[in-house]
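Please look over the sequence and the model shown here before reading the report that follows.

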Amino acid sequence: MEGKRLSNKAVVTLLKEILAAMEVKGVNPFRVRAYQNAISILDNITVSIYDLWENKRLKEIPGVGPGIEAHLNELFSTGVVSEFESIKEDLPEGMFALIGLRGIGAKRAYKLALAFKLGDRETALDKLKDAAEKGKIQVLEGFGEKMEKSIQDAIGELKMTKNLKQRLLIIHAEEIVDRIKKHMEKCKEVVEMEAAGSFRRRNPTIGDLDIPIATNKPESVIKHFLKFPEVEEILVEGDKKASVVLKNEVQVDIRVSTPQAYGAMLQYFTGSKQHNILLRNHALTKGMSLSEYGIKRGDNVKEFSGERGFYREIGLPYIPPEIRHGNFEIEAALKNKLPELIDLKDIKGDLHVHTNFSDGLNTIEEMVEAAKNLGYEYLGITDHSPSIQSRGLGTVLKTIRDTRKKIDEINTSQKDVKVLYGYEVNISVDESLALPEDILKNLDFVIAGIHTSLNQDKKTVTKRLLSAIENPYVNIIAHPSGRMLNERDPSDPDWNKIFDAARDRGVILEINGQPNRLDLPDDLIKSAISWGVKLVINSDAHSIDQLDYMKYGIDNARRGWAEKKDILNTLPYEKFVKHLSIR
Ligand code: DGT
Ligand code: CA
Ligand code: CA
């Protein structure tokens with residue numbers, strides 16, 4: 001099939017517009033729901049939707065039913081969806097520019113676009129801003145003064161358009177959150193605060209920071225927040241919220257609530273937006289309506305100091321923030337089938353660390369000492385393998401003998417941490433491994449990974465990974481997708497083939513904890529687990545401090561619904577090495 005290749009982002013944007021158009025037109029709510037479901041899943045998948053279509057595999061995506069499949073089919077073969085063309089024919093084009101605004105659903109976007117003749121996308125936001133400033137929104141039916149103000153704020157928040165900026169890695173967001181927390185600790189009116197949004201869901205990258213704060217003195221808290229020394233520009237200053245841009249261009253939105261109502265506020269600002277939408281749909285079926293202030297039944301709004309009570313009220317167990325993606329977690333919660341997510345304290349060893357033998361900072365001994373302090377039972381040393389081409393076979397063999405001796409000595413002189421000797425071996429462009437099997441077979445274990453030419457076509461990159469999986473001495477595939485956040489897209493092999501081969505041959509896929517990798521991505525973690533593939537979480541530390549990157553790997557594993565049983569380095573040493581030797 002030869003069609004019109006579109007990025008996942010372009011596909012999702014278009015589907016969101018179809019959804020909005022259907023909502024305005026009052027299409028059957030079940031179809032609307034189906035679209036919402038599909039969008040939240042398509043919005044979070046790593047594999048190319050276009051490739052799935054090309055391989056006639058759209059059906060395999062959960063949530064993609066025949067209706068949406070037909071739309072995608074038409075979109076990829078012709079570039080347009082005729083039903084969409086006709087459904088939006090009499091809708092003002094400008095409404096589609098408003099859909100991303102906080103609190104503006106499709107129907108409101110439509111009303112505003114009609115009222116202010118927002119005929120095209122480019123000018124829609126500016127025209128709306130102008131209307132708000134002139135007080136023209138509050139007089140519209142169903143809007144009012146409060147709504148006008150909140151639309152103005154939402155446009156303000158959108159000013160630093162997220163798409164134009166690079167998203168922050170979570171490790172950098174953590175540093176900023178720590179500094180804000182330190183500043184806010186000096187204000188004694190703060191009862192409770194937590195960074196919510198994508199940060200609390202442990203998304204690998206963060207667009208902006210959202211911080212709900214519990215207090216009985218909103219004015220003093222906001223005043224204090226605005227004195228945070230890193231504030232560069234104040235976008236919104238209200239009596240219950242503020243938005244600022246920091247000197248490092250990061251936007252921070254704070255919202256205050258009373259301690260008694262903090263649970264609903266925290267829940268709302270944790271999101272994801274899609275989770276909230278689906279949760280609201282669920283609550284509606286029980287005659288309840290959700291907001292950041294509480295749960296409304298009839299005229300009565302019930303407040304919640306914490307999130308557990310909030311979820312309980314709508315008949316659900318607590319759902320951990322990491323899986324609030326709008327991707328079947330509500331269904332699982334309803335059936336009491338939420339996963340028991342893996343935890344950092346379950347980890348018994350790290351199988352991917354570098355030393356100063358290659359590009360690491362510390363010696364093997366220092367890495368082992370640090371692993372002992374973390375309470376690990378085992379540590380796999382996996383420097384980049386020495387190059388036979390540049391050093392010559394003789395030197396490489398001697399290096400390996402010497403290193404083995406050293407590791408044997410460490411294993412004799414201390415018994416706390418069992419040290420395993422391996423290498424991180426490159427999978428070359430021609431599919432060969434950087435070390436021959438004669439050498440590989442003498443190591444305790446081998447990690448193989450792709451580091452170059454990731455953008456090969458699907459067939460080639462699939463074959464390349466399969467050749468490593470089929471090598472009898474390879475135990476683990478490092479950072480399988482090869483993505484580098486903000487830098488490099490993941491490669492796009494046929495994942496089902498990779499998962500099949502890995503499961504059948506007992507090869508382990510890695511969840512790499514380096515904050516700029518976090519690879520496997522969460523959606524692939526979830527698929528791999530459902531495929532029966534075993535995983536390990538590694539720090540890929542290049543210094544003793546980086547052993548802590550394990551925690552980002554854990555975050556990512558949790559986002560992929562991983563439980564302790566799915567992750568092999570939760571096993572005690574004996575059982576773990578047994579798994580390595582069954583190969
Ligand atoms: P980000 O900042 O792009 O990394 O992602 P988030 O998830 O932090 O998104 P953000 O900052 O736009 O909004 C924070 C939370 O507020 C979001 O996770 C859920 C909630 N929220 C935002 N807009 C809406 C909305 O239109 N409807 C609902 N129900 N919730 C929303
Ligand atoms: Ca955010
Ligand atoms: Ca925000």
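Are Asp208 and Asp210 buried or exposed? Asp208 is buried, and Asp210 is buried as well, where buried means under 20% relative accessible area, exposed over 50% and partly exposed in between (1.4 Å probe, protein chains only).

## Basis of the model

This is a predicted model, in which local features need pLDDT of at least 70 and side-chain atom pairs count only at pLDDT 80 or more, while totals for chains, interfaces and linings use all residues. Residues are numbered from 1 along each chain as its sequence is written, chains are lettered from A and ligands numbered from 1 in the order in which they are written, and side-chain values use heavy atoms, with hydrogens and water left out.

## The calcium site

Asp208 (OD), Asp208 (OD), Asp210 (OD) and Asp253 (OD) coordinate the calcium ion (ligand 3) at 2.2 to 2.7 Å; donors are N, O and S atoms within 2.8 Å of the metal (3.2 Å for Na, K and Ca), and water is not among the atoms, so sites may look incomplete. Along the chain, the donors of this ion have the spacing D-x1-D-x42-D. Asp208 also coordinates the calcium ion (ligand 2), which lies 3.8 Å from ligand 3.

## Domain 1 against domain 3

The protein chain is divided into domain 1 (8-157), domain 2 (168-257), domain 3 (261-334) and domain 4 (344-580), with bounds that come from an automatic or database domain assignment. In contact (heavy atoms within 4.5 Å) are 10 residues of domain 1 and 11 residues of domain 3.
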